[in-house]
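Hello,

Here is the structure I said I would pass on. My notes follow below it.

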Amino acid sequence: DERYPRLPEGRTPARSIAIGALFGQLDVETISRASRALSSEMVLPTLIEKLLRITVEHAGAERGLLILNRDGESRIQAEATTRRGRIDVAVREGQATQSDLPQSVLYYAIRTRESVLLDDASSDNVYSKDEYVRQNQSRSVLCLPIVRQAQLVGVLYLENNLAPLVFTPSRVAVLQLLAAQAAISLENARLYSDLELQAGLLQKLPVSAWTLKPDGTPDFVNQ
């Protein structure tokens, strides 16, 4: 609030759209395939790569970031870039700084749990003053919160600086559906990763150790 006093409470992001009315017009088969690809992946690094590829492709974005909320801190997990029709995904964990994306956009999405959609960030009355937007002459920008049970899991940031109006209502609607699936898949992959770590620790113990299922039957027994 101190850094961005011009950002009014409850401001409606540019081009407010009724997403709900669009669901009936979407390509259900495409959404279903993408959703299955996310829900079937349990290995966290692979899931992150799939998620970024799918969202950048469906959005028509030049660049995308996946930012996850870790202990109350927003940290970049991976970056996707489009070059010559190919999407490259690089894991690059670190803080989300003003050189990575517009901080005003990120903070608004985190604080309100609402998407920020800018048709042309460089001409927006509020966001054009953001340092990142000024330096990169940002055009189409979409910042999409990933929320599960009212808790912020992370944020998907997408941009295309070649043209305005890239992120159409139908594309945003698809991405919102995929973000809902991603919230579940990311949580499942995190739990699976924790179980793998637990199993690895138990395997190294010099004594017998095991875990049980809720019904009392063995779930894991070390060597």
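Six strands form an open sheet in the order β3-β2-β1-β6-β5-β4, and the pairing is antiparallel. Strands (E, at least two residues) and helices (H or I, at least four residues) are DSSP runs numbered from the N terminus, and two strands pair if DSSP finds at least two bridges between them. At the edges are β3 (86-95) and β4 (116-118), each of which pairs on one side only. Neighbouring strands of the sheet are turned by 15° against each other on average, direction ignored; axes are lines fitted to C-alpha atoms, for helices over the stretch in contact, and angles run from 0 to 180 degrees between N-to-C directions.

This is a predicted model, in which local features need pLDDT of at least 70, side-chain atom pairs count only at pLDDT 80 or more, and totals for chains, interfaces and linings use all residues. Residues are numbered from 1 along each chain as its sequence is written, and side-chain values use heavy atoms, with hydrogens and water left out.

Within the sheet, β1 (residues 63-70) and β6 (residues 151-160) are joined by six bridges. L66 has L156 as its bridge partner in β6. Helix α3 (residues 103-112) packs on the sheet and touches β1, β2 (73-83), β4, β5 (140-148) and β6, contact being heavy atoms within 4.5 Å.

Separately, β7 (residues 210-212) and β8 (residues 218-221) run antiparallel with three bridges. Five residues lie between them in the hairpin, where G216 has a positive phi near 95°.

Helix α2 (residues 44-59) has 16 residues and is followed by G60, with a positive phi near 75°.

Regards

Technical notes. The expected span of a helix is 1.5 Å times one less than its number of residues.
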